[in-house]
2 protein chains.
Amino acid sequence: MTIETAIDNLRTLLGDRLTTLDAILDQHGQNEAYYPVTPPDAVAFPESTNEVSEIIKICASHACPVIAFGTGTSLEGHQLAIQGGICLDMSRMNAVLAVNAEDMDAVVQPGVTREQLNQDLRATGLFFPVDPGANASLGGMAATRASGTTAVRYGTMKENVMALEVVLADGTIIRTGTRARKSSAGYDLTKLIVGSEGTLGIITELTLRLQGQPEAISAATCRFPDIDAAVNTVIQTIQTGIPMARIELIDAMMVRGFNKMDGTTLPEAPHLFIEFHGSANAVAEQAEQFGEIAADFGGDDFKWTTKAEDRNALWKMRHNAFYAHKALSPSLRALATDICVPISRLAEAIDFAVEKSEALELTTTIIGHVGDGNFHCSLSFDPDDAIQFARVQDFMHQLARQAISLDGTITGEHGVGVGKMKYMQEEHGEALTVMRSIKRAMDPNNILNPGKILPSSNQ
Amino acid sequence: MTIETAIDNLRTLLGDRLTTLDAILDQHGQNEAYYPVTPPDAVAFPESTNEVSEIIKICASHACPVIAFGTGTSLEGHQLAIQGGICLDMSRMNAVLAVNAEDMDAVVQPGVTREQLNQDLRATGLFFPVDPGANASLGGMAATRASGTTAVRYGTMKENVMALEVVLADGTIIRTGTRARKSSAGYDLTKLIVGSEGTLGIITELTLRLQGQPEAISAATCRFPDIDAAVNTVIQTIQTGIPMARIELIDAMMVRGFNKMDGTTLPEAPHLFIEFHGSANAVAEQAEQFGEIAADFGGDDFKWTTKAEDRNALWKMRHNAFYAHKALSPSLRALATDICVPISRLAEAIDFAVEKSEALELTTTIIGHVGDGNFHCSLSFDPDDAIQFARVQDFMHQLARQAISLDGTITGEHGVGVGKMKYMQEEHGEALTVMRSIKRAMDPNNILNPGKILPSSNQ
C-alpha cells in the first residue's frame with residue numbers, strides 16, 4: 001500500500017509511458033510561481049480515458065496522490081506534487097475529436113492547447129475565444145477556470161465549457177452536461193469541475209463553445225493622464241453598451257517594460273489597449289463612440305488599426321507582459337499575482353497596489369483585464385535576498401486581503417493552487433466547509449491533487 | 001420528532017406568520033403542471049435570513065421537510081410538498097437591497113420578482129434580462145436555472161447570478177461568490193446552488209448581473225415555408241455573428257392559437273419572432289443582414305417595428321403562448337414540457353414532436369427559444385379521459401428520450417421537479433451518483449425539498 005507499489009503496478013500497465021527518470025520528474029516539478037522544484041515520484045503519459053481510469057484505480061488502491069499536468073504554465077503551483085505521487089501528463093491526449101460547425105462547438109481531449117485548437121479551426125470561420133496568454137492546454141484551462149483578455153466579451157472557461165468527461169477518484173468515468181446550449185436537468189457538475197484544479201476529478205474530454213470569426217476587428221492604444229481616468233472610461237463604455245472584445249489597462253511601469261523589450265516608444269503613462277469585433281460598420285461606430293468617451297476622461301494619442309499584422313503585434317506585446325516585466329530587472333526573478341474586484345473599486349485597488357509597492361520599495365508592473373475588474377501585479381525579487389522576498393510576500397498578502405475587503409476575490413483567473421489557499425477561509429467563510437464536504441464526498445481518500453484549494457492538513 | 005412538533009415550535013418563532021389554514025395550504029399546493037393539489041402541512045412566511053436559518057434549524061431537529069416557494073409558477077411541480085412538511089413562502093423577503101449602477105449589478109432578496117426589479121431599475125438605464133415569461137420570483141428563477149426568450153443574447157440564470165446567500169440544511173448561513181465579475185477561488189458553489197431546486201440550500205439573497213438598456217431595439221415577425229427553413233435561418237444568422245437579442249420559433253398551430261386569442265391575422269405557417277438590441281445603426285444593419293439570410297431560406301412577409309408599443313404587444317402575445325394554446329381547446333386542461341438539443345438537431349427534434357403528436361391524435365403547439373435549441377410543447381387533454389392523458393404522458397416520455405438521443409437534455413429551462421426525475425438516470429448515467437453524493441454531503445437528513453431532482457426513495 002505504498003506509492004512504490006502503485007508505481008510498479010502502473011509500469012505494468014503503461015510500460016515506458018511510466019517514467020521515473022530524474023530529468024522528466026524535474027521537468028514536471030518546475031513551476032512559473034516562486035516554489036522550489038517539486039518533482040513527483042513518477043510521470044504517467046496516458047493515451048486514453050480508459051487508461052486514465054485504470055491509473056486512478058491503481059492509485060486509489062494504494063492511496064497514491066494523482067496530479068494532472070497540462071503545460072505547466074500555472075502561476076500558483078497547481079501542478080506541484082507537494083505530497084508526492086503520480087503526475088498525469090495529459091499531453092498525449094491531444095486530439096480534436098469533433099468540430100460541430102453548425103452547433104459552434106468542438107469536442108477535444110484535455111491535452112489540446114488553445115493555439116492548436118484555433119489552428120485546427122482556421123478553415124471553419126470559427127474560433128475558441130478564451131485567451132489566457134500562455135498557450136495552455138484546454139484541460140488545464142478548464143481545471144483552473146482560466147480566462148484572459150477576451151473574457152469581457154466571450155466569458156471565461158466557466159461560460160465556454162459545455163460538457164466534460166471526467167474520471168473520478170475511484171476510476172469511474174462520468175459525463176457532465178451535453179451539447180445542448182443550456183439545461184435545467186439537475187446539479188451543474190460541469191461548472192463544479194471547472195475550477196476544481198484536479199481535486200475532484202481528472203478531465204479527459206471537453207466540449208467547448210466556439211465563436212464566429214468577426215467580419216471586422218479594430219484595435220487601438222490610448223494614453224490616459226492617470227489610472228482613474230482609464231478606469232472611468234471603461235465603466236462609461238460598458239454602461240453605454242459598447243461591446244468591447246478586449247480592454248486592457250497597462251500602467252506606466254508596464255509601458256516602460258514594453259518599450260524596453262519591444263523597442264516601442266509609447267509614452268510612460270497609463271494606457272488602454274482596446275479591441276472591437278463585429279461588422280465593419282459596427283466596429284467603426286464602436287471605435288468612434290469609445291473615442292468620444294475616452295476623450296471626455298482625458299484619453300489621448302489614439303492609435304487605431306484594423307490591420308491584422310499590427311493587431312497581432314499589439315497583442316503579442318501584451319501577452320509577453322511577464323517577459324517585459326522581467327526585462328526591467330533582468331537579474332531578478334519575477335512572479336505574478338492577480339485579484340478581481342467590482343469595477344467601481346478597481347481604481348482604488350490599483351492605487352492601493354501602487355502605494356504598497358512603493359512603500360515596500362518593489363518594482364511592480366500592473367496590467368489589467370479592466371472590463372472584468374481583474375488585474376495582475378508582476379513583481380521582481382532577488383531569491384537570495386530574504387528581506388526582499390518577505391516584502392514581496394507581504395505585498396501579495398496585503399493585495400489579496402484588500403481584494404476581499406473591496407467585495408472582490410483573491411484570484412480572478414490564476415486559481416488557488418498552493419499560493420492562495422491561506423486566504424480561502426477569509427474569502428469564503430462558512431462556505432469553505434461546503435467545499436470541504438464536497439471534496440470529501442467525491443474524493444474520500446484525498447488522492448486527487450491533495451494539498452490544493454482547501455487549506456487543511458487532512459484535506 | 002414529528003412534523004407536528006416542528007409546527008408547534010415554528011409557531012412560537014413566527015406567530016401568525018406560520019399558518020395551517022386550509023385555504024393557504026391549498027394555495028401553496030397548487031401547480032401549473034398536471035399534479036393534484038398537494039398542500040404542505042404548514043406555510044411559513046419568513047422576513048429575514050436569520051429567520052430562515054431558525055426555521056431550518058427547527059425543521060432539521062424534527063426531520064421535517066422544507067420546501068421554498070416563490071410565485072408557484074413552476075411547470076414541473078418543484079414546489080409541491082410531496083412528502084409533507086413546511087412550505088417556506090419567500091414573498092415577504094422582497095426588498096431590492098442595492099443597485100450598484102457602476103458595477104451593473106443588483107442585490108435582491110429572493111421574493112423580488114423580475115418585473116419588480118425591472119420596475120425599480122427604470123431610472124438607472126439598466127435592466128435584468130432573464131425573461132421566462134411568468135413574473136416569477138428571482139429566487140425561484142435561480143433555483144430552477146430559468147431562462148427564456150433573451151437567453152440567446154444575455155444567458156440564463158446561470159450566467160446572471162453572480163453571488164448568493166444560502167441557508168444550508170443545518171441552518172448555517174453561507175455566502176457564495178462575490179461582486180467581482182469572475183473568480184478562480186475554489187469550487188463554484190453559486191453555480192451548484194443555481195438549478196438545485198431548493199434541494200441543497202435555501203436562497204436568501206442574490207447578486208444579479210444587470211445590462212444596459214440598448215439605445216435601439218428592433219423587432220420583427222417573419223413567415224417561413226416550413227420549420228427547417230426557419231431553423232436554418234437561425235443557424236446561419238448565429239454563424240454570421242449577428243447578435244440576436246431574441247429569436248423565437250412559432251409553429252403553425254401556435255400561430256392559430258395567437259390569432260384566436262389576440263385577434264391577429266398572421267398566416268398559419270411557421271414564424272420567427274426576432275429582436276435586435278444595439279445602437280440605432282447596428283440594429284438597422286442587423287435587421288438588414290437577417291432579412292437577407294431569411295429570404296435565402298424562403299422567409300417572407302416581414303413586419304419590422306422599432307416602436308415600443310408594437311414590440312410590447314408582440315412579446316406580450318408571445319408570453320401568453322400558454323393561454324393562446326388553451327384558447328384552441330378551452331374546455332381542456334393544458335400542460336407544457338420542454339427539451340433542449342444542439343441547434344443542428346432542432347429541426348429533427350421538432351419534426352419528431354409533430355409526428356408523435358399526430359400519431360397520438362393530440363393538439364400540440366410548439367414554440368422555441370430557437371437560438372438555444374430549446375423548445376416547448378404545450379398539450380391539451382381532458383383530465384377525465386385516462387386514455388388521452390396516457391397519450392400525453394407517452395408523448396412527453398418519447399420527447400424526453402428523443403432529446404437524450406440527440407445529444408440534448410430533458411429540460412432546457414423548466415427544471416426537473418417531480419416530472420422529469422424518471423429521465424435523470426438516462427441523461428446523466430454515473431454522474432447521477434455524484435449528484436446523489438453531493439446531496440448527501442449537503443443535506444444528510446434529506447429535509448430540503450425531498451423527492452425532487454434525484455430519483456431515489458432514500459434521496
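## Helices H9 and H11 in chain B

In this predicted model, H9(B) and H11(B) pack with their axes 9 Å apart and at an angle of about 140°. Axes here are lines fitted to C-alpha atoms, for helices over the stretch in contact, and angles run from 0 to 180 degrees between N-to-C directions. Helices are DSSP runs of H or I with at least four residues, strands are runs of E with at least two, and both are numbered from the N terminus. The two helices are therefore oblique to each other; angles under 35 degrees count as roughly parallel, over 145 as roughly antiparallel, 65 to 115 as roughly perpendicular and the rest as oblique.

H9(B) passes H11(B) in a right-handed crossing, meaning that the near helix is turned clockwise from the far one by less than a right angle, with anticlockwise for left-handed. On the H9(B) side the contact uses Thr233(B), Gln236(B) and Thr237(B), and on the H11(B) side Phe290(B), Ile293(B) and Ala294(B). Two residues are in contact if their C-beta atoms, placed from the backbone, lie within 7 Å. Sorted by class, that contact has three nonpolar, three polar and no charged residues. Ala, Val, Leu, Ile, Met, Phe, Trp, Tyr, Cys and Pro count as nonpolar, Asp, Glu, Lys and Arg as charged, and the others, Gly among them, as polar.

## H17 against H17

Now for a pair that spans the two chains. Helix H17 (residues 431-442) of chain A and helix H17 (residues 431-442) of chain B have axes that come within 9 Å and cross at roughly 135°. That makes H17(A) oblique to H17(B), and the crossing is right-handed.

From H17(A), the residues involved are Val434(A), Ser437(A), Ile438(A), Arg440(A), Ala441(A) and Met442(A); they meet Val434(B), Ser437(B), Ile438(B), Arg440(B), Ala441(B) and Met442(B) in H17(B). By class, this contact holds eight nonpolar, two polar and two charged residues.

## The wider interface

Taken as a whole, the contact draws 76 residues from chain A and 77 residues from chain B. Several elements of chain B supply at least two residues each to the side that touches chain A, including helix H7 (157-160), strand S9 (173-176), helix H8 (189-193) and helix H16 (424-428). H9 (227-239) and H11 (280-296) of chain B are also among them. Which helix gives the most to that side of chain B? H17(B) does, with eight residues. By class, the side of chain B that touches chain A has 27 nonpolar, 30 polar and 20 charged residues.

## Chain A overall

Chain A has 17 helices and 18 strands. Its radius of gyration is 22 Å, close to the 23 Å that the globule rule gives for 459 residues, so chain A is as compact as a globular protein of that length. The radius is taken over C-alpha atoms, and the rule is 2.2 Å times the number of residues to the power 0.38. Along its principal axes, the C-alpha trace of chain A spans about 65 × 55 × 40 Å.

Buried residues make up 58% of the 459 in chain A. A residue is buried if 20 or more other C-beta atoms lie within 10 Å of its own, exposed if 12 or fewer, and partly exposed in between, with C-beta atoms placed from the backbone. Among contacts in chain A with a separation of 6 or more, 71% come from residues 24 or more positions apart.

Ile58(A) sits in helix H3 (residues 49-61) of chain A and is buried, with 23 other C-beta atoms within 10 Å. Leaving aside neighbours within four places in sequence, Ile58(A) is in contact with Ala6(A), Asn9(A), Leu10(A) and Leu13(A).

Ala151(B) is in helix H6 (residues 151-154) of chain B, and counts as buried with 27 C-beta neighbours inside 10 Å. Not counting residues up to four places away in sequence, Ala151(B) touches Thr156(B), His369(B) and Asp372(B), plus Lys182(A) from the other chain.

## Positive phi

Arg145(B) is not a glycine, yet has a positive phi of about 55°. Arg145(B) lies in the loop between helix H5 (138-143) and H6 of chain B, and counts as buried with 29 C-beta neighbours inside 10 Å.

Asn446(A), in the segment after H17 of chain A, also has a positive phi, near 55°. Is Asn446(A) buried, exposed or partly exposed? With 19 C-beta neighbours inside 10 Å, Asn446(A) counts as partly exposed.

## Numbering and confidence

Residues are numbered from 1 along each chain as its sequence is written, while chains are lettered from A and ligands numbered from 1 in the order in which they are written. As this is a predicted model, local features need pLDDT of at least 70 and side-chain atom pairs count only at pLDDT 80 or more, whereas totals for chains, interfaces and linings use all residues.
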